[in-house]
Amino acid sequence: MLKPEEAQRPYTVTELANEIRRELRPLTALLLKGEVSGMKQGTRGHYSFAIRDGQSLINAFIYADDARRVTTLPEDGQVFIFRGRVDYWTQYGTIRFVADQVEFDEVGKLRARLEELKRRLEAQGAFAQERKRKLPFLPRSVAILTSPTGAVIHDLQETIWERYPNMGIVVYPVQVQGASAPMSVARALGRCNEERLADVIVLARGGGSFEEMYAFNTELVARAILDSRLPVVTALGHTSDRTVADLVGDAECRTPTEAGARVVPRKADLIAHLRERGRRVDREIAQRVSREVERLSHKRQRVLQLLPAMVRQRAERIARAASELLRLSPIAQVARREEALRDRTRRVESAAAARLSNSSSALASRRAESRLERALAERFAGATRALGHREQRIVALSPDGVLARGYSITQDAETGSVLRSANDTHVERRVRIRLGSGQIGARVDEVEP
Amino acid sequence: MSQDLTYEQALEKLDEQLKLLEDGNLSLEAALKAVDDARVYLKICTERLEAARKKIEVRGESEATTE
């Protein structure tokens, strides 16, 4: 049991709080590294947040005055190195880390700069899909930018030649790590574009930590990739985040094998495709030809069907023309004229006319042409007979009949008047003497009245 | 002028001359002239007829050769 005088006098709260503050005083001007979370800006310009590592958390505070001085304001999720002291807020009973300086740690610094670079490039459209160059379907040669030693180059060659046995490969050895790496990569990219030995560039590295991959996050390399006229494929390994090179590159692969498959088609596939296409073309052509053959045979059949009709039509037309021609022909016209003559012939020579008409009617049953020709011949004969008949009549009617018995008639050659007396003419006068057959032209020699 | 006559015209003229002669009212001179004229027309008719016959024969031949 404690006696009252021995009993410890209790601390007042303030006393204890001050005691705690005093105890914490050595924890001043110290450096604290941790990730920021719960960043809040207070109304008086101060910031309050928490700093944590995997296991622990401590509240932190930046006074407005210090906040104005610090070069970088912490952001959630970022790791910083804070300088400051630990203080105990007696009023609220809380411990806080009061930071007066904020700095990135080495990696944090790089990451922050990287984020800034990404923002800038993105603002310039460097990551835009439409900016990216198209990979050639089948390059003449592939440029490989990588470390000359190591598995990467071996894997790439292997993959490319496995897919396309005689594909050209141009290797540009580059530093992929360390301070000189960005310049080395950028220069090699420039050379690729100048030399134009290849149609596509593979930028490869076997992965690594953030620091090891640093070169591929530099603006120098990013700009060199953006400036390349040849498409750039990145294959930087799968152990870290996407690099800026991945973002600005034209195609992004993880492994050398993937990149090899991306830049070079499989020759066997190409050949198979070509064969398949060849077969399709053959099939297409065969179908086309057979279609045409079918169409032609249709047409031929139609022609064969139409031909007799066409021939018949033409034959009919020719027949019509022939009959028209016959109707209009001089033969027919002569025939018509002969018709008139035949009338006269009938009148003069009824028996002959009757015979002619008989034969005409008999002929009428025969074919038109021969009928016509025969009729015509008949008519010619008839006409000739008619003319003969007329000649006989002329002879019969002419005074010449008397002459046959040895008389003659003498006419004046100019006037045609018959000389009945020697006084009708005189010497030197031309006369015509008609005899039983023919005439004599004569000159009067002597006149004896 | 008489050479320009067609067969029909010549035939008509021939018939005219024959009719004149048949009527028998002609003077001897006129009868002789009519006989002379009739002979001329007869000749023309015969020539025309002969020419037509020849024409038709030639035509028939050429038709045969073109077929």
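The contact draws on 29 residues of chain A and 24 residues of chain B. Keep in mind as you look around that this is a predicted model.

The size of an interface is often given as the accessible area lost when the parts come together. Here chain A and chain B bury about 2,600 Å² between them, and 68% of that lies on carbon and sulfur atoms.

Side chains of opposite charge can pair when their charged atoms come close. Between chain A and chain B the count is three salt bridges. One of them joins Asp15(B) to Arg390(A), with 2.8 Å from N to O.

Which elements give two or more residues to the side of chain A that touches chain B? They are α10 (330-348), α12 (368-397), β11 (409-412) and β12 (430-434) of chain A. Helix α12(A) supplies the largest share of that side, eleven residues. Sorted by class, the side of chain A that touches chain B holds 13 nonpolar, six polar and ten charged residues.

Now for the sheets. Strands of a sheet pair through backbone hydrogen bonds, either parallel or antiparallel. Chain A has an open sheet of three strands, in the order β11-β12-β13, with antiparallel pairing. Strands β11 and β13 (439-443) of chain A stand at its edges with a single partner strand each, so one side of each has no neighbour in the sheet. From one strand to the next, the twist averages 25°. Within this sheet, β12(A) and β13(A) are joined by five bridges, and Ile433(A) has Ile440(A) in β13(A) as its bridge partner.

A second open sheet in chain A has five strands in the order β7-β6-β8-β9-β10, and the pairing is parallel. Its edges are β7 (168-173) and β10 of chain A; each has a single partner strand, so one side of each is left without a neighbour in the sheet. Neighbouring strands of this sheet are turned by 20° against each other on average, direction ignored. Thr234(A) is a residue to look for here, with Glu252(A) in β10(A) as its bridge partner.

Helix α5 (residues 181-195) of chain A lies across β6, β7, β8 (200-204) and β9 of chain A, at about 165° to β6(A). Helix α8 (residues 256-263) of chain A lies across β6, β8, β9 and β10 of chain A, at about 145° to β10(A).

Strand β5(A) has partners of its own to explore. Strand β4 (residues 79-89) of chain A runs antiparallel to β5(A), and Gly84(A) stands opposite Ala99(A) in β5(A). The two strands form a hairpin with four residues between them, where Gly93(A) in the turn has a positive phi of about 70°. Strand β3 (residues 57-62) of chain A runs parallel to β5 (residues 94-104) of chain A, and Phe61(A) has Val98(A) in β5(A) as its bridge partner.

Here are some of the strand pairs side by side.

| Strand pair | Sense | Bridges |
|---|---|---|
| β3(A) and β5(A) | parallel | two bridges |
| β4(A) and β5(A) | antiparallel | ten bridges |
| β9(A) and β10(A) | parallel | three bridges |
| β12(A) and β13(A) | antiparallel | five bridges |

Finally, a look at salt bridges over the whole model. Over all chains, the structure holds 26 salt bridges. Among them is the one between Asp250(A) and Arg133(A), at 2.9 Å from N to O. Asp250(A) lies in the loop between α7 (244-248) and β10 (251-253) of chain A, and Arg133(A) in the loop between α3 (106-123) and β6 (141-146) of chain A, so this pair ties together parts that are 117 residues apart in sequence.

Key: Residues are numbered from 1 along each chain as its sequence is written. Chains are lettered from A and ligands numbered from 1 in the order in which they are written. This is a predicted model: local features need pLDDT of at least 70, side-chain atom pairs count only at pLDDT 80 or more; totals for chains, interfaces and linings use all residues. Side-chain values use heavy atoms; hydrogens and water are left out. Contact means heavy atoms within 4.5 Å. Buried area is the accessible area (1.4 Å probe) that two parts lose on being put together, summed over both. A salt bridge is a side-chain nitrogen of Lys or Arg within 4 Å of a carboxyl oxygen of Asp or Glu. Ala, Val, Leu, Ile, Met, Phe, Trp, Tyr, Cys and Pro count as nonpolar, Asp, Glu, Lys and Arg as charged, and the others, Gly among them, as polar. Two strands pair if DSSP finds at least two bridges between them. Axes are lines fitted to C-alpha atoms, for helices over the stretch in contact, and angles run from 0 to 180 degrees between N-to-C directions.
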